[in-house]
Amino acid sequence: MGQLGTGAATLAQATADPAGVALFAALALPFLGALVTPLVYRALGERTAWFAALVAFASFGLVASQFGTTGSVSIDWIPTLGVSLTLYLDGLSLLISLLASGVGVLVFTYSAGYMHGEPGQARYYGTLLAFMGSMLGVALAADLIALFVFWELTSITSFGLIGHYRESESSLYAARKSMLITVSGGLFMLVGFVLLAFVSGDALGSTTFTLIGTPDSMIANADAMRTALENAGLFVPVLVLVAIGAAAKSAQVPLHVWLPNAMEAPTPVSAFLHSATMVKAGVYLIGRMRPLLVGDEWMLLLGTLGLITMTVTALLAVGASDIKELLAYSTASHLGLITAGFGFANQLGAETGAFHILNHALFKATLFLVAGIIAHEAGTRAISELGGLRHDLPITGIITAIAALGMAGVPPFNGFYSKELLFESAYEVAHELGGLAWLFPAVAVFGSVFTFLYSIRFLWLFMGEKPAGLGEVHRPSLALLAPPVVLAGLAMIVGIDPQLAVDTIVQSAFGSAVAGEAHTMSIHLPTELTPAVAMSAITILTGIALSPFYDRLRDGVRRLTHGPFSADWYYDKAVYGLERASGLALPRIQTGQFRTYAAWMLGVTSLLALAGYLAAGVSIPAFSDLSITAPVVIVLLVAIVGAAAVARAPSHIAGVLTLSVLGFMVALFYVLSSAPDLALTQLVVETLVLVIFLLVLNRLPAFYGDTDRGTVARDALLAGGVGLTVTISVLVATAGSPDAIARFFVERAPVPAEHGSILADFGGGSNIVNVILVDFRAFDTMGEISVVAMAALGVLTLVAMRGRGESS
């Protein structure tokens with residue numbers, strides 16, 4: 001193949017800004033459609049598919065109308081935190097948005113035929129529309145908060161879609177697995193996002209969550225962000241955390257195990273989620289973060305991860321026994337190819353990732369829809385039971401040939417060009433670094449051989465003779481056939497004229513994933529022998545040579561994927577272990593005794609607080625201006641004696657009375673500290689609490705009961721820990737000098753010298769503490785009083801109801 005993407009011209013940047021109304025409408029329409037879908041289904045029944053397709057087409061049209069624009073639009077979201085919902089459109093977000101909405105139109109159209117007679121269609125179309133909106137949000141989000149929200153929405157909606165068949169245990173198992181893995185990965189990613197925002201304060205002068213789209217965004221200041229991350233020692237942790245989130249969503253080894261089980265979903269869902277949308281979220285994140293984090297560590301982690309995933313899952317696809325299982329593993333394999341492409345630090349790697357996002361969506365969505373046609377019309381998905389389908393499904397056979405040969409990387413089909421870019425990128429990295437880096441092109445070729453094998457095996461379903469056990473295969477309806485025809489036609493156009501696809505959309509998407517200026521991509525069939533051409537030739541010739549031994553390779557892979565080497569073994573063992581640990585822990589935590597719940601809550605709170613102080617390097621302030629007089633010493637000694645008496649009290653009443661002694665000593669301490677208002681408040685509260693306690697204790701047993709020494713020691717340790725936490729918290733909190741706040745209250749609390757009949761900005765009182773409580777923070781005070789009143793009512797109600805409903 002000739003030189004790919006080595007032109008010298010720079011990428012021309014679009015100058016027009018996108019229309020905010022169009023982008024927000026494109027994002028909002030699917031969610032609004034999801035809300036009204038139950039009502040639409042009541043009116044239209046199964047024709048709701050056409051309503052959903054119309055909504056998807058409207059979103060597609062709105063996004064497409066912004067073709068050629070680059071920029072951001074925003075509306076306020078959380079103004080108090082300076083957070084707005086900002087949407088950013090560039091080549092990469094445009095590509096993902098067009099795929100999400102465009103393939104959505106075809107999937108909804110396909111569903112009109114495939115979902116006929118299926119249960120839960122209102123739920124199906126509503127959830128699928130919400131998923132499409134979530135994916136559009138991921139693609140268009142310009143700040144990390146919005147990106148994370150939409151990211152998790154894709155996990156939630158995909159959970160409902162994968163578990164659509166609620167009566168099927170395997171479907172529910174698959175939904176739980178996908179939810180657990182993708183949401184867990186998202187939490188790791190969230191920590192990475194928080195660290196990025198934390199570092200942005202040092203890099204940019206002020207903390208920001210804006211990832212892209214503004215002059216003060218993280219990517220616009222990538223060098224400063226990278227320097228700040230390295231200075232803080234957080235570059236590798238952030239890289240790993242973001243990579244975990246992307247790997248979980250894009251099914252990278254070892255987090256790939258959820259994707260094959262997700263095939264329990266209806267075939268249109270598989271075509272949508274696992275070829276063009278959900279699994280693309282992870283590789284989209286990698287492409288988006290690439291200008292910010294690319295470097296040696298980036299290439300070592302993501303280049304290696306991508307090639308390992310590409311190879312391991314290609315082997316697993318060879319061992320598949322079900323056509324959707326084969327396509328599921330092949331999806332993970334091609335996502336590994338995209339990850340490896342974006343992982344390589346050269347510009348050829350970015351070209352690989354951007355171009356293969358498009359190519360994979362076209363041929364994989366086609367093949368999933370073909371798998372649905374086969375299962376729908378032949379009544380089976382077992383590979384061993386299928387063959388000779390070209391006789392009954394001739395048009396479907398042509399569609400399959402175009403898509404399968406593209407997936408195999410055979411020229412001149414579309415997948416060949418992005419596969420060739422991967423080979424060229426891997427070879428360039430190896431040639432530059434030498435040594436172990438030569439494993440990159442070697443592993444790329446090895447994995448591609450198995451990609452060729454499973455692709456040809458899928459195509460072979462239409463070749464040969466029809467198995468004797470295969471019954472009549474019906475012709476698909478137009479609704480089932482039209483969507484894969486459109487996708488295969490687009491794939492064929494890309495194969496015939498790849499430069500057209502590059503100039504239309506891939507070039508701008510590639511430019512979005514490059515730090516600095518991007519050169520102009522030039523894609524065409526090879527005209528001379530290059531290392532990449534030789535690697536492609538080796539791949540295809542080796543695949544052809546191994547094809548007669550496909551059954552042996554399949555059996556070998558199946559033998560290797562049992563027990564500890566199976567995809568589900570580690571996941572199942574981990575989940576079982578967590579469930580067992582939960583079962584053992586619950587009886588010790590949820591004992592039904594208040595003292596146990598209080599111990600856990602107070603203990604954990606104290607540990608977290610003390611650990612936070614330790615991690616933040618908080619030092620205990622020095623004591624200054626502390627004068628100890630004889631009255632203060634006497635009061636404190638009486639308080640200590642009262643505290644000790646509480647622990648030795650033989651009954652509830654004695655304990656409350658001795659505890660009140662401690663409260664009254666605190667009031668005297670306030671008097672001695674020249675704070676009579678606080679002392680009066682303390683006396684009133686202490687008296688009321690004492691009366692309420694005595695009223696409640698009148699209905700309880702007269703003694704505590706016996707406790708063992710272990711419980712006493714635990715409670716003493718817990719009490720000491722809580723006391724230490726409160727003491728440190730008070731010392732740290734009072735060490736500051738909030739002069740500005742103090743001056744504000746001093747100036748605003750009294751009656752001003754000049755004023756009208758109404759005081760709007762002043763408290764109008766002589767006691768600053770009282771003014772703060774009833775004026776400046778009146779709503780807080782009212783809320784606190786309401787909480788105390790409701791708690792008192794709740795206690796009185798429980799006491800009054802004590803004994804009701806008991807059997808003895």
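Which side chain does a polar contact of 3.1 Å join to that of glutamate 377? The partner is histidine 376, whose side chain meets that of glutamate 377 at this distance. The model described here is predicted.

## Overall architecture

The protein chain contains 30 helices and two strands. Its C-alpha atoms fill a box of roughly 100 × 70 × 60 Å, taken along the principal axes. Of the 808 residues in the protein chain, 48% are buried.

Among contacts between residues at least 6 apart in sequence, 78% join residues at least 24 apart.

## Glutamate 377 in helix H14

Glutamate 377 is found in helix H14, which covers residues 347–378. The residue is buried yet has no salt bridge. Arginine 475, the nearest side chain of opposite charge, is 9.1 Å away. Side chains of opposite charge can pair when their charged atoms come close.

Apart from residues up to four places away in sequence, glutamate 377 touches Glu472, Val473, His474, Arg475, Pro476 and Leu480.

## Nonpolar cores

The largest nonpolar core has 182 residues, of which Phe193, Leu196, Met289, Leu292 and Phe355 touch the most other members. Helix H14 gives the most to this core, with 18 residues. A second, separate core has 17 residues, including Val429, Ala444, Val445 and Ala532.

The surroundings of phenylalanine 355 can be listed in detail. Leaving aside neighbours within four places in sequence, phenylalanine 355 is in contact with Tyr417, Ser418, Leu421, Val494, Pro498, Ala501, Val502, Val506 and Ile523.

## Helix H3: serine 97 and tyrosine 110

Serine 97 has its place in helix H3, residues 91–114, and tyrosine 110 is in helix H3 as well. Serine 97 counts as buried because its relative accessibility is 0%. Beyond residues up to four places away in sequence, serine 97 touches Val63, Leu136, Ala139 and Leu140.

Tyrosine 110 is also buried, with a relative accessible area of 0%. Its side chain reaches the backbone oxygen of leucine 369 at 2.7 Å and the backbone nitrogen of isoleucine 373 at 3.2 Å. Tyrosine 110 and leucine 128 are 18 residues apart in sequence and 13 Å apart in space, C-alpha to C-alpha.

## Helix H6

Helix H6 spans residues 169–204 and has 36 residues. From its first C-alpha to its last, H6 reaches 51 Å, close to the 52 Å expected at 1.5 Å a residue. Glycine 205 follows H6, and its phi is positive, near 95°.

## Salt bridges

The structure holds nine salt bridges. In one of these, glutamate 297 pairs with arginine 226, the closest N and O atoms being 3.5 Å apart. This pair links distant parts of the chain, 71 residues apart: glutamate 297 is in helix H12 (residues 296–318) and arginine 226 in helix H7 (residues 222–231). Glutamate 297 is partly exposed, with a relative accessible area of 32%. Another salt bridge joins arginine 381 to aspartate 322, with closest N and O atoms 3.1 Å apart. These partners are 59 residues apart: arginine 381 lies in the loop between H14 and helix H15 (394–408), and aspartate 322 in the loop between H12 and helix H13 (323–343). Arginine 381 is partly exposed, at 28% relative accessible area, whereas aspartate 322 is buried, at 17%.

Aspartate 551 and arginine 554 form a salt bridge at 3.3 Å, N to O. Both lie in helix H21 (residues 550–560), three residues apart, about one turn of the helix. An α-helix has 3.6 residues a turn, so residues three or four places apart point the same way. Aspartate 551 counts as partly exposed because its relative accessibility is 43%, while arginine 554 counts as buried at 18%. Salt bridges that share partners also join Arg226, Glu230 and Glu297 into one network.

Methods. Residues numbered from 1 in each chain as written. Predicted model: local features only at pLDDT ≥ 70, side-chain atom pairs only at ≥ 80, totals over all residues. Heavy atoms only, no water. Helix = DSSP H or I, 4+ residues; strand = E, 2+ residues; numbered from the N terminus. Buried < 20%, exposed > 50% of the residue type's maximum accessible area, 1.4 Å probe, protein only. Lys, Arg positive; Asp, Glu negative; His and termini not counted. Salt bridge = Lys/Arg side-chain N within 4 Å of Asp/Glu carboxyl O. Polar contact = N/O pair within 3.5 Å; in protein donor to acceptor, adjacent residues only side chain to side chain. Contact = heavy atoms within 4.5 Å. Core = buried A, V, L, I, M, F, W, Y, C linked by side-chain atoms within 4.5 Å. Expected span 1.5 Å × (residues − 1).
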